[in-house]
Amino acid sequence: MTTPLRPLSTGELLDRTFSLYRSHFGLFLAIYALPHLFVLAFQCLGVALEPSGTQLANLLARLPWFYGAIVLTWIFGAISQAATVMAVSQVHLDRSTSVIDAYSRVKKHLLGVLGLSFMVGLAAGACLILIVPGIMLFVMWSLSVQAKVLEDKGVFDAMTRSSDLTRGRRWRIFVIWILFFLLAIVVSQLLQWPINLAAGVSGSLVLQRVSPIWQIASLAATFISECLVGPLATIAFSLIYYDERVRKEAFDLQLMMMTLDAQPAANSPVQVGA
């Protein structure tokens with residue numbers, strides 16, 4: 001391996017996150033963007049078909065498209081996250097991969113990942129009413145998808161596995177989560193601001209009252225910002241997954257032993273006619 005596995009400090013983990021993202025930018029961008037194009041197309045279709053009439057009529061007509069976009073975002077978000085986790089695992093362990101390879105490797109996990117995403121979102125979302133418990137659950141289960149995809153765990157086993165791996169390191173995970181959350185807001189605002197300025201409005205809610213062209217432009221800006229920032233958190237949490245396994249389970253030594261065991265078999269002479 002050209003990149004030895006070892007425990008990483010928070011700074012090193014962030015540096016590794018951005019390094020992987022830069023060196024495989026096209027891979028991660030395509031994995032995230034391809035399924036979310038369906039969400040963007042659905043949203044743009046809703047804007048194009050919005051009837052003219054009173055504000056109340058427009059609101060009622062917009063609701064099915066709004067909730068439909070939420071459902072599609074949940075589905076395609078979970079799918080792209082699973083494929084990103086697989087791609088990060090491959091490149092972090094110095095193995096070749098591609099967009100097609102990443103999706104093909106996780107296709108058997110997709111229903112489980114959707115169920116896992118629903119369970120985590122439902123439980124943590126319900127606790128968000130109290131704020132702190134909800135955030136704690138999100139942090140505790142932040143490695144669930146990694147455990148589901150990379151270890152072929154069941155939904156509840158993956159949540160338990162994430163809880164075990166994050167124990168004792170949740171403050172660091174929370175800080176990284178906040179950093180990428182703030183980064184997403186900054187990038188989104190930087191892309192939305194020129195559109196709001198050109199449309200002569202002060203925000204996205206007001207933008208819904210102007211020309212559909214500006215609404216579609218705003219949706220496109222949101223799509224671009226999400227594609228640019230979206231993979232970063234998944235990359236970071238996938239690296240945290242391996243970092244915790246190295247710290248708690250000596251995964252680096254396990255991988256080294258598996259590599260050494262595989263080399264004699266690969267280098268042994270072929271017995272012809274045996």
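**Helix contacts and a pocket**

Reply: In this predicted model, Gln146, Ala147, Leu150 and Glu151 of H7 meet Thr234, Phe237, Ser238, Tyr241, Tyr242 and Arg245 of H11. By class, that contact has five nonpolar, three polar and two charged residues.

Me: Why are H7 and H11 called roughly perpendicular?

Reply: H7 and H11 pack at an angle of about 70°, and their axes are 9 Å apart. Angles of 65 to 115 degrees count as roughly perpendicular, and H7 and H11 are therefore described that way.

Me: What makes H2 roughly antiparallel to H11?

Reply: The angle between H2 and H11 is about 150°, with the axes 9 Å apart. Because an angle over 145 degrees counts as roughly antiparallel, H2 is roughly antiparallel to H11. The crossing of this pair, H2 and H11, is right-handed. Residues in the contact include Phe25, Tyr32 and Val47 of H2 and Pro212, Phe223 and Ile235 of H11. The contact of H2 with H11 has 18 nonpolar, four polar and one charged residues.

Me: How do you know which residues line the largest pocket?

Reply: A lining residue has an atom within 4 Å of a pocket point. The largest pocket has 36 lining residues, and Tyr32, Gln81, Trp177, Gly230 and Ala233 lie nearest its centre. Among the elements that give two or more residues to this lining are helix H2 (25-48), helix H7 (144-151) and helix H11 (212-249). By class, the lining has 19 nonpolar, 16 polar and one charged residues. The space in the largest pocket is about 1400 Å³.

How values were computed. Residues numbered from 1 in each chain as written. Predicted model: local features only at pLDDT ≥ 70, side-chain atom pairs only at ≥ 80, totals over all residues. Heavy atoms only, no water. 1 Å grid on protein atoms, 1.4 Å probe; cavity = no way out; pocket = protein on both sides within 12 Å on 5 of 7 lines; lining within 4 Å. Points joined across faces, edges and corners; volume = space filled by probe spheres on them. Helix = DSSP H or I, 4+ residues; strand = E, 2+ residues; numbered from the N terminus. Nonpolar A, V, L, I, M, F, W, Y, C, P; charged D, E, K, R; others polar. Axes fitted to C-alpha atoms, helices over the stretch in contact; angles between N-to-C directions. Parallel < 35°, antiparallel > 145°, perpendicular 65-115°, else oblique. Left-handed = near helix turned anticlockwise from the far one by under 90°. Contact = heavy atoms within 4.5 Å.
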